[in-house]
Amino acid sequence: MTDARHLRSRLAGEVPPAWRDTFLAVPRHMFIPDTIWIRGDDNRPAPLRRADAPQAWLEACYADAPVAVQLDDGDGSGRGYVSSTASMPRVVAMMLEAADLAPGLRVLEVGTGTGYNAALLASLVGTRNVTTIEIDAGLAERARIALRRAGWPVETITGDGEEGHPAGAPYDRILATAAVQTVPHAWVEQTRPGGLVVTPFGTAFHSGALLHLLVHDDATASGRFGGDTAFMWTRAQRTPHGVVEDRVLPEHDYAETTTDLHPYEPMGDFDASFAIGVRVPGMKSTLVYDDDDPGTQRYTVYLMDPTTGSWTSWRITPQAPAYRVCQHGPRRLFDELAAAYEWWRDLGRPAHDRFGLTVTASGQRLWMDDPANTVG
Ligand SMILES: C[S@@+](CC[C@H](N)C(=O)[O-])C[C@H]1O[C@@H](n2cnc3c(N)ncnc32)[C@H](O)[C@@H]1O
């Protein structure tokens, strides 16, 4: 049996050298619950219990991979939605790097989860300088206990982190480990001027990138995107789920056209789909292979807006001279997508890190290269 110490040093070898000591200092397995969720044979989450498979459990704790620790907000409904994970260590290191931490800085972490990242933060800035907030009471209590046992008794608040934690403000850093589509202005208000807000940011269309915001004197903040970080959403910012069968109904009428645009162009390119996502709010995409077989190369892309009930089907078959597009509902989702793709091409196909966001009390706006150059 490979022991935890050995596995911890192996994991520390997988993060950038500057972060090795930090990852060596914190035993990740002390934060992972005895039951975790792995992908089962039917692709649905299956439990992996420490008592049944101690070595597999320990290996999972020290893999450079996210560890699913809660399904369905803990409601026992069996839907199989992963609602909390210990994030992937390499991504955690990237976020710690972006937060530009130093001993003594005061940090609010949004999304305690297991408490592992709070312990890493505590080891970097000092336990008394870290506050962490988790919306799920059960997870918060588990993390509180784990943090105490592991020797970093970080203040762990149960609450909605989108409101920050005003009692501890101002912070030098707010670090979110759940993604947003709209940056809560409370985070800007509760960070001192010159401080940073670091958060995964995405859209219903694109899983997202890391956003680094510098807070200004006038309670606004601005900064660029950089880095591929797909995180779960804060609870209030999830786009509703739903399967195609529930949204695309036989009685629906639709308008039919054809296109020579292949989905790979707007959707297979990280930078294109990142930018498009900002222009097509609330639009989700799902790819359904014929016969559930990715080998067939025959599939349909569905674009859906759960709020208005609009949908598009975009049928792809190899060697077809053009692809059939059917659009239903008040939003012509394919037309919006194609227009957003053209907009991105007209901008010169910018990489996602040329975009930035400014957050004010009245909302957020997207810019390119310079905050004065609004493009969103
Ligand atoms: C990816 S996990 C965080 C991982 C965590 N930092 C760790 O080290 O284990 C995201 C967490 O954010 C929590 N969350 C979602 N919405 C939240 C909100 N509005 N306020 C606080 N926590 C939230 C989820 O319950 C989940 O536990």
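A word on the source before we start. This is a predicted model, where local features need pLDDT of at least 70 and side-chain atom pairs count only at pLDDT 80 or more, while totals for chains, interfaces and linings use all residues. Residues are numbered from 1 along each chain as its sequence is written, and side-chain values use heavy atoms, with hydrogens and water left out.

Let's begin with the ligand. There are 26 residues around the ligand, and those that come nearest are Ser-84, Thr-114, Glu-134, Asp-160 and Gly-161; "near" here means a heavy atom within 4 Å. Two of these residues make polar contacts through their side chains, a polar contact being a pair of N or O atoms within 3.5 Å. In Ser-84, a side-chain N or O atom is 2.7 Å from an oxygen atom of the ligand. In Thr-114, a polar side-chain atom lies 2.6 Å from a ligand oxygen. The backbone takes part too: a polar backbone atom of Ile-135 is 3.2 Å from a nitrogen atom of the ligand.

How much of the ligand does the protein bury? Taken alone, the ligand exposes 610 Å², and the protein buries 99% of that, with areas from the Shrake-Rupley method and a 1.4 Å probe.

Where does the ligand sit? The answer is the largest cavity, and "sits in" means that more than half of its atoms lie within 2 Å of the grid points. The elements that give two or more residues to the shell around the ligand are strand S4 (82-86), helix H5 (116-125) and strand S6 (130-134). Strand S4 has the largest share of that shell, four residues. Helices here are DSSP runs of H or I with at least four residues, and strands are runs of E with at least two, numbered from the N terminus. By class, the shell has seven nonpolar, 14 polar and five charged residues; Gly counts as polar in this scheme.

Now the cavities themselves. On a 1 Å grid over the protein atoms alone, a cavity is a set of points where a 1.4 Å probe fits but cannot get out; a pocket is an open set with protein on both sides within 12 Å along at least five of seven lines, and lining residues have an atom within 4 Å of a point. The structure holds two cavities of 30 Å³ or more, and a volume is the space filled by probe spheres set on the points.

The largest cavity has about 430 Å³ of space. Its lining has 33 residues, with Gly-111, Thr-112, Glu-134, Thr-177 and Ala-178 closest to the centre. S4 gives the largest share of this lining as well, four residues. The lining divides into eleven nonpolar, 15 polar and seven charged residues.

The second largest cavity has about 30 Å³ of space. Helix H4 (residues 89-98) gives the largest share of its lining, three residues. This lining has five nonpolar, three polar and no charged residues.

Next, the largest pocket, with about 460 Å³ of space. It is lined by 16 residues, and Tyr-81, Phe-231, Met-232, Trp-233 and His-241 lie nearest its centre. The lining has eight nonpolar, six polar and two charged residues.

Finally, the backbone. Most residues other than glycine have a negative phi, and most peptide bonds are trans. Here, a cis peptide bond joins Ala-169 and Pro-170, with omega about 0 degrees. Pro-170 is in the loop between strand S7 (155-158) and strand S8 (171-176). Asp-72, which is not a glycine, has a positive phi of about 55 degrees, and Asp-72 lies in the loop between strand S3 (67-71) and S4.

Definitions and conventions. A polar contact is a pair of N or O atoms within 3.5 Å; within protein, one must be able to donate a hydrogen and the other to accept it, and residues adjacent in sequence count only if both atoms are side-chain atoms.
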